[in-house]
Amino acid sequence: QYDQLVVSGAVNLGGANGATLTPTIGVGYDPATYFRFTIINQTGGGVVAGTFEAHPELSIYEVSGERLRVSYVETIAPYGNGNDVSLTVLPPPIVVTYSVNGALKIEGIDLVDDITIDFSNTNSVTLIGNDFSNFSGSGTNGQVAGPYNVTGAITVNTYALNDKILLRGLTASAKLDSGDITINLGTGDDILTTVDATLPTLGLTMTGNLSVLGGAGNDSIRLGSNVAGDTFTALNVSLDNGAGAGAQSIDLDRFTANGNVTLANGGAGAQTMSLGQNASNAPNSVAGNLTITQAATATSYTVGIRNTSVGGFVSITNGSGTGAAAVTIDTTTAQIIGGTTSVTNGNNVTNAVTLVGTTGGLQSLGNVTIKNGIATTSNLITVTALGSSGTSSSNFTNGASLANSIVFNGTTGNAFTGNV
């Protein structure tokens with residue numbers, strides 16, 4: 001129970017020198033996080049005029065260790081219909097530490113963290129929370145923190161429940177010109193993305209490395225841009241979704257790495273890797289090596305690579321699970337794999353590898369090695385226009401199954417100098 005004023009007429013709280021609110025919480029009472037107290041229930045049709053002294057919309061009262069956020073336009077049923085005054089119990093704040101060497105650390109909590117990290121111009125970083133994610137620490141002001149001049153590393157740690165981290169470029173010159181970004185996701189079903197679903201999101205240019213480590217949830221990572229002709233750029237990139245209990249996915253679209261890229265899913269559900277599948281007008285580019293690993297015991301494995309050039313080798317390994325494994329490398333837009341190409345599927349119900357090139361070949365400049373394990377139902381390797389751009393040796397192996405097939409299409413483009 002709590003005190004509430006029910007008003008049928010006009011409500012005017014004054015403003016800077018108006019009414020004063022001093023909320024108190026009874027001894028022994030521990031209000032639930034996110035609970036809303038409707039302290040003024042206006043049953044009439046007018047809006048609430050003014051605010052409590054020194055507390056504008058969405059400002060916070062600190063009361064007996066709790067953080068209560070005031071709203072004069074509460075709209076969430078059954079707490080209000082747009083003209084009521086409420087106090088919402090907030091979770092503890094996300095702690096931001098900005099050090100003297102220009103490093104930025106963002107420490108989440110054991111509740112939902114929803115954080116947007118905005119980059120504008122060179123090394124300028126601003127943090128924005130969602131409806132409940134507030135910040136404390138250096139340079140913070142409720143739902144906004146910064147801007148910071150970040151010349152060191154950025155570290156983000158999240159914990160329990162389902163968190164979302166959005167890295168968003170706001171200007172064409174958005175750039176992190178020095179430090180690395182390290183993101184450690186928690187045990188919930190977490191999302192890391194550089195693409196805002198509702199706004200044009202420009203790519204961010206990093207001169208350092210990006211490292212993401214997932215937790216025990218069903219994690220999803222998407223890097224790129226939703227603006228044609230723009231990219232997300234970093235040096236070396238390591239994305240590991242961890243050993244979750246369910247589905248996991250990594251999606252790279254309009255993405256550039258000036259070094260090596262290592263991608264890993266370790267969950268027990270459906271595992272998916274998608275590179276260059278969505279934005280055909282802005283291919284991915286990896287200057288170094290591309291390594292993809294999806295762990296054993298998953299329900300299914302899917303890897304799709306398209307519109308992606310790789311300067312070094314490509315290595316794809318899927319484990320042994322309870323369903324199907326499917327790998328497709330499509331280079332019809334003439335991307336070049338500068339080193340060897342290796343695809344290995346474990347023991348699954350079905351294994352399928354599809355290599356699609358142009359009449360000039362897949363353009364893997366090193367050896368091509370495809371190996372399917374033991375399949376309950378079938379193993380299939382399909383090759384279209386592979387090899388004439390410099391492949392020195394091609395080796396294809398299907399393990400034992402009820403049906404094994406190796407199919408070659410586009411004979412004018414297939415040229416092998418090694419084993420088939």
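How many salt bridges does the count come to by the rule applied here? The count comes to six, where a salt bridge is a side-chain nitrogen of Lys or Arg within 4 Å of a carboxyl oxygen of Asp or Glu.

## Basis of the model

This is a predicted model, in which local features need pLDDT of at least 70 and side-chain atom pairs count only at pLDDT 80 or more, whereas totals for chains, interfaces and linings use all residues. Residues are numbered from 1 along each chain as its sequence is written, and side-chain values use heavy atoms, with hydrogens and water left out.

Side chains of opposite charge can pair when their charged atoms come close. One of the salt bridges joins E74 to R36, with the closest N and O atoms 3.1 Å apart. This pair links distant parts of the chain, since E74 is in the loop between β6 (66-71) and β7 (85-90) while R36 is in strand β3 (residues 36-42), 38 residues apart; strands (E, at least two residues) and helices (H or I, at least four) are DSSP runs, numbered from the N terminus. Both E74 and R36 are buried, a class that means under 20% relative accessible area, as against exposed at over 50% and partly exposed in between (1.4 Å probe, protein chains only).

The side chains of D330 and R306 also meet in a salt bridge, at 3.8 Å from N to O. D330 lies in strand β34 (residues 324-330) and R306 in strand β31 (residues 300-306), so the pair ties together parts that are 24 residues apart in sequence. D330 counts as buried because its relative accessibility is 18%, and R306 counts as partly exposed because its value is 26%. A further salt bridge is formed by D177 with K175, whose closest N and O atoms are 3.6 Å apart. D177 is partly exposed at 36% relative accessibility, and K175 is partly exposed with a relative accessible area of 29%.

## The open mixed sheet

Five strands form an open sheet with mixed pairing, in the order β1-β3-β7-β6-β5, where two strands pair if DSSP finds at least two bridges between them. Its edge strands are β1 (5-7) and β5 (60-63), each of which pairs on one side only. Neighbouring strands of this sheet are turned by 25° against each other on average, direction ignored; the axes are lines fitted to C-alpha atoms, for helices over the stretch in contact, and angles run from 0 to 180 degrees between N-to-C directions. Strands β5 and β6 run antiparallel and are joined by four bridges, and the bridge partner of E62 in β6 is R67.

Strands of a sheet pair through backbone hydrogen bonds, either parallel or antiparallel. Strand β21 (residues 210-213) has L210 and V212 on a covered face and S211 and L213 on an uncovered one. In a regular strand the side chains alternate between the two faces of the sheet.

Strand β18 (residues 181-184) pairs with β21 in the parallel sense over four bridges, with I181 standing opposite L210. Strand β24 (residues 237-240) likewise pairs with β21 in the parallel sense over four bridges, and here the bridge partner of L210 is V237.

## Nonpolar cores and buried residues

The largest nonpolar core has 60 residues, and those with the most contacts inside it are I117, L127, L239 and L263; such a core is a set of buried Ala, Val, Leu, Ile, Met, Phe, Trp, Tyr and Cys residues joined through side-chain atoms within 4.5 Å. Strand β10 (residues 114-120) gives the most to this core, with three residues. Apart from it lies another core, of 16 residues, among them F37, I40, V48 and V89.

Leaving aside neighbours within four places in sequence, L263 is in contact with residues including L239, I250, L252, M273 and L275, contact meaning heavy atoms within 4.5 Å.

V125 is found in strand β11 (residues 124-129) and counts as buried because its relative accessibility is 0%. Not counting residues up to four places away in sequence, V125 touches a set of residues including L104, I117, F119, Y148 and I154. The C-alpha atoms of V125 and L104, which are 21 residues apart along the chain, are separated by 9.3 Å.
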